[in-house]
Amino acid sequence: MTRSFQDIILTLQTYWSDRGCVVLQPYDTEKGAGTMSPHTFLRVLGTTPWNVAYVEPSRRPTDGRYADNPNRLQHYFQFQVVLKPSPFDIQDLYIGSLESLGISRQDHDIRFVEDNWESPTLGAWGVGWEVWLDGMEVTQFTYFQQCGGLDLNPISVEVTYGLERLAMFIQNKTSVYDIIWKESRNGLVTYGDIYRQSEVDYCHYNFTHASVDRLVTQFELAEAECNELIAHKLVSPAYDFCLKCSHTFNLLDARGAISVTERMAYILRIRKLAKKCAEAYLAHPVEV
Amino acid sequence: MTIYLLELGFEEIPARFIPGLIAELRSRWMDALNTAHIEYQDVEVVGTYRRIATLIHGMADESAQISHRIRGPIRSVAFTEANELTPAGAGFLRKNNVTDFVVEAEGDKHYIVSYTTIPSRPTVDILGSIATSVVSGISLPIAMKWGDGYGPFIRPVHWIVSLLGDRHVPVEFLGIRSGAMTRTHRFLGSYREATITSASDYVTILNDHYVNVLPAGRRDIIRNELDLNRIHYDVTLLEEVVFLTEWPVPIWGAIDSDHMTLPAPAVVECIQKNQKYFPAIIDGQLTDRYLIIADSVTPANEAIIKRGNHSVLRARLEDVKFFWNEDRNNSYDNWVKKLDAIVYQKGLGSVGDKVRRMMPLADRFAQWIGADRVDSVRAAQLSKGDLVSQMVQELPKLQGVMGGIYAQLSGESSAVSSAITHLYDSDIRIDQPVCAALALADRLDTVVSCFANGLIPTGSQDPWGVRRAALAVVRALHRLHIPMTLTDLVSMGFDGLGTGRDKQDLCISFMMDRARYIFETDGVGSDMIPVSAVVDSVISPHRSLVQMAHSASHLQSRISDPRLKLITETVIRVSRLGRSASGRFDPSRLDTNERAGLDPVIQWMAGTDIHTLDDFHVLTDVMPAYFESTLIMDPDLDIRSNRLSFLRDVSTKCELFADFEKLSPALGGAQN
């Protein structure tokens, strides 16, 4: 029987839970990647060990293709694992997770191909690989070196599975919309059944209908809110508003409303907020 | 004589760094062994993405005993008259930690001399610390830390094998202790680890466990498959793939027929850049096959791997198809309009502004070259449009190539589309006039823009490729024999820019340095001296490249002609004297005899340009005798001043041909 999309998630959750990870739920603010969840961004700072796994819905407005392209989406899912400090056998652990999904190492060509990662808005960078499974990129592997402009020690490793890619591979589908989410009591439910229409709607919104003027205002309001909350040392809500700035910026970008020079200025503004949040968190880190 | 093996094992290192690491390790090892006086036959460094191994062949079992002779002070300083050591003599012995000494003669002097010996030591005793220092000093092109702050290295280090013959030599690096245990291929074979029993068996043992550790061996496997199928391949890609594998196995894939209608350059770029496959380009034609070099192939999984790779490439090419269709529904004119929104350089406006500067430049160059002016201007107008096409945004290397394809599709002439296609070729296409006019316009604008904007290349810093652009411009002008001076060229560029005039002279001399390089390498004069004599002359910015090249090659051909020596000596004498002149030369103030004697030179000065050394004969006929018979520094200051001014004018005329001061070293020195 084909492993469904939700089986894949459940299997990964069980696998990493069995290896000592806290399994958390998605964070409820729009963001471009699982890295931006406070469960990663804030927790990789400081010295407290942290092992976590969670599914993260990710939004990248410019990647939308009105559901015409079988591989590109403006909203998709990542499965994120963060281990701090990075264990020595992390590659083997990762390969083990693929085997738990029925992807046997004997049957495939698995490669770790250089891919270093940098997020200018988060002031974060790391080195690592993208993992190729018979030529398909299914996972990003990053050893974080800096976050919020701060050097990290100990080093965290982040393993980010592209759930749709993985599911297409496992289910042998050529379109993301054909992925079987679940063979439910009422029959097959596909990814397309759940997300195709909203994908199209969001593309219209992102590319055409999002109000540039209101977005600009929203950005400024969120930036002001973030700064004020940092002044009150309220790191978590402050960081939410930093994320809102980031997503608003992405929407403005998709609307084609940002020139090259403005772009840099926006990125710097967001980075400033991220850095302040990181510093404020470090001043009062949460102990686990 | 033994083999030493040092294998460093790590998580996957980027393929692009490995050749450099191998070369560096080899030279570090050779230096270290020489410093330690350990003899060896060869240092071989091999490796893959997961390991780098040094094999030192024919290593001596012990370091050589080294004797040093140390000479101290002269005898009279080192010894008293009673032949006892002075404080200076004793100090010498103490400083060098020796007690024995002799007195030896050097020439007619005697010195206190001591001999010291660094004793021979067993290699095995010192090798560990040598190995540690060699690997610790590796330069890191990219550095990371891992775990609890281990590092830095390129990727986490996992194991070290250090064996002299079959004997373990302990080495510790970044928290890892060496042993005899290596890791085998990550996925092939049944073992994860293997013991290296002896350094000499290293390559064989790994090979038995599906690791071909020799880059040359892996390269051969891949290249044989390519050659056998007569495939033209990218050498850089081959090198990358060699280091992306431990056990390369070729698998052939096929491009779906509906994707074969896509533009070939886009398909090729997609296959090579994104997937690291080799497109089957045979006799210049893209065929529908491609070669995957997989790393974990078994008879059981080959079909699965092939299918997986095929579906990935299919998805990539679907993207290309999407961009291709989108782009063809767009119009070139629309793209050109969008260029106004793209910043070219801060302070220099948009790409649209650059295009508007390039159009009149292309027109001017077209006139010089004899290219069709309408085509050249049109090509300039469209040249940057593909920058905003979806295809180029996705595959930036295709800029120009896609522009050419889209221009052709929208009905532009073949001259226009071909000029866009070749705009970014590293050498400007001088055989196609419109191509040359466009490429010259683009690069000249880049050079003057960067100068005006203060982005002047220094050392290795040249992010905008100004050197390359300037070199291409000067080379093309030279090869096209365009009789344009560098002053006119640069000035034309600044005219369009309207700012940064204060950088113009700097820019001209920057261009002149490219001319020097081109003359030296492009068959004008392999000898630097005649080239310098021409290029460094004060007049060179106002001479065309054609004239300069002519002068330089003429001087080169006459470099051993005795008359050149005479001319040079004469001119140098003239110019050195003429340097102190301040007034105007007035022939009427020479006395009649002197005037008559100098008349041929005065005529010559008023005459036409100097083309060859033969044009200097009048000078060598007249001037030596003149210097012989005339006291230039006449006590009468008016006469003296007039003579000096005359000499200065002669010298100025000579400089129109070359700077003779620069020539003199080639001729064995001029007389003062």
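**View 1. Interface of domain 1 of chain A and domain 2 of chain A, across which the rule finds 0 salt bridges.** In this predicted model, 5 residue pairs, both members at pLDDT 80 or more, are in polar contact across the interface of the two domains. The side of domain 1 of chain A that touches domain 2 of chain A comprises 11 nonpolar, 9 polar and 4 charged residues. Together the domains bury about 2200 Å², of which 68% is on carbon and sulfur atoms. Within domain 1 of chain A, the most area is lost to domain 2 of chain A by A:Leu42, A:Pro61 and A:Thr121, which together account for 27% of what that side buries.

**View 2. Arrangement of domain 1 (5–198) and domain 2 (206–283) in chain A.** Each domain supplies residues to the contact: 24 from domain 1 of chain A and 24 from domain 2 of chain A. The centres of the two domains, taken over C-alpha atoms, are separated by 24 Å.

View 3. The loop between strand S8 (150–151) and strand S9 (157–162) of chain A holds A:Pro154.

**View 4. Positive phi at the non-glycine residues A:Asn172 and A:Lys233.** A:Asn172, with phi of about 60°, lies in the loop between helix H4 (163–171) and strand S10 (180–184) of chain A. A:Asn172 counts as exposed because its relative accessibility is 60%, the cut-off being over 50%. A:Lys233 also has phi of about 60° and is found in the loop between helix H6 (212–231) and helix H7 (235–254) of chain A. With a relative accessible area of 57%, A:Lys233 is exposed.

Technical notes. Residues numbered from 1 in each chain as written. Chains lettered and ligands numbered in written order. Predicted model: local features only at pLDDT ≥ 70, side-chain atom pairs only at ≥ 80, totals over all residues. Heavy atoms only, no water. Domains from an automatic or database assignment. Contact = heavy atoms within 4.5 Å. Buried area = accessible area lost by both parts, 1.4 Å probe. Salt bridge = Lys/Arg side-chain N within 4 Å of Asp/Glu carboxyl O. Polar contact = N/O pair within 3.5 Å; in protein donor to acceptor, adjacent residues only side chain to side chain. Nonpolar A, V, L, I, M, F, W, Y, C, P; charged D, E, K, R; others polar. Helix = DSSP H or I, 4+ residues; strand = E, 2+ residues; numbered from the N terminus. Buried < 20%, exposed > 50% of the residue type's maximum accessible area, 1.4 Å probe, protein only.
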